[in-house]
Amino acid sequence: AKRALGCVGLALVVLLVFNLVFMFWTDARLTRVEALPEDQVSNTAGTNWLLVGSDSRQGLSEEQQAELGTGGDVGEGRTDTIMLLHIPRTGKAKLVSIPRDSYLPVPGYGYDKVNAAFAYGGAPLLVQTVEQATGLRIDRYAEVGMGGLANVVDAIGGVEICVAEAIDDPLANLNVQPGCQKMDGATGLGYVRTRATAQGDLDRVARQREFMTTLVTRVLSPSVYLNPFRMARLLWVTPTLLTVN
């Protein structure tokens with residue numbers, strides 16, 4: 001019995017070391033960018049992340065674009081998704097959506113839609129625009145493209161989402177019925193992109209928060225975190241898909 005317990009303990013140690021090595025290796029492969037502007041608002045409590053989902057088709061072939069329902073390439077520098085994640089020192093984290101069509105003052109450009117800030121000046125101008133609108137200091141920045149989200153979902157074996165109403169959106173290559181169901185990368189991407197519901201963008205940002213929460217929960221679940229095959233695939237694809245500061 002002691003020998004068996006010793007073997008189990010050794011296996012767990014090997015698994016832990018394997019995951020730690022892969023995590024450090026993954027961090028070294030992340031794409032990094034200077035996302036924070038020189039002129040920031042005063043420091044605020046907790047840690048604030050600006051999470052951006054760009055509509056870039058970079059790295060996707062025409063076949064992949066058709067499969068994911070992304071349409072033709074519209075160029076770089078636009079954002080479909082903007083979310084603010086606040087992590088307090090104690091208590092639960094809060095995730096807030098900023099609809100991309102929000103009309104805000106963009107430093108140096110007057111009033112415009114918030115996603116125009118990204119088109120005009122990239123991540124630094126978007127961060128500056130969000131800081132001035134919210135009064136919150138942005139500490140961290142992360143950006144992922146369309147193909148990135150789909151690949152991460154597929155890497156962890158899909159995510160289970162409870163759909164509230166039927167959605168049929170050919171433009172997003174999405175056709176789902178009400179009820180809980182497992183979504184692969186292509187379906188998940190369509191689900192967070194579609195605006196083919198009654199409240200349009202407001203419905204979409206609610207789905208995006210739901211999907212992000214479910215995705216993170218799935219990544220941290222034992223079925224992924226303790227599965228070396230899924231974890232290795234996740235750590236292999238993620239660094240090439242994320243841009244962080």
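Mentor: Helices (H or I, at least four residues) and strands (E, at least two) are DSSP runs, numbered from the N terminus. The model is predicted: local features need pLDDT of at least 70 and side-chain atom pairs count only at pLDDT 80 or more, whereas totals for chains, interfaces and linings use all residues. Residues are numbered from 1 along each chain as its sequence is written, and side-chain values use heavy atoms, with hydrogens and water left out.

A salt bridge here is a side-chain nitrogen of Lys or Arg within 4 Å of a carboxyl oxygen of Asp or Glu.

One lies within helix H6, where arginine 204 and aspartate 201 are three residues apart, about one turn of the helix. Their side chains meet at 3.0 Å, N to O. With buried meaning under 20% relative accessible area, exposed over 50% and partly exposed in between (1.4 Å probe, protein chains only), arginine 204 is buried at 2%, and aspartate 201 is buried at 13%.

Elsewhere, salt bridges with shared partners join Arg100, Asp101, Lys113 and Arg195 into one network. Aspartate 101 pairs with arginine 100, their closest N and O atoms being 3.9 Å apart. Arginine 100 is buried at 12%, whereas aspartate 101 is partly exposed at 33%. Aspartate 101 also forms a salt bridge with lysine 113, at 3.8 Å from N to O. Because lysine 113 belongs to strand E6 (residues 110-113) and aspartate 101 to the loop between strand E4 (94-97) and strand E5 (103-106), this pair ties together parts twelve residues apart in sequence. Lysine 113 is partly exposed, at 39%.
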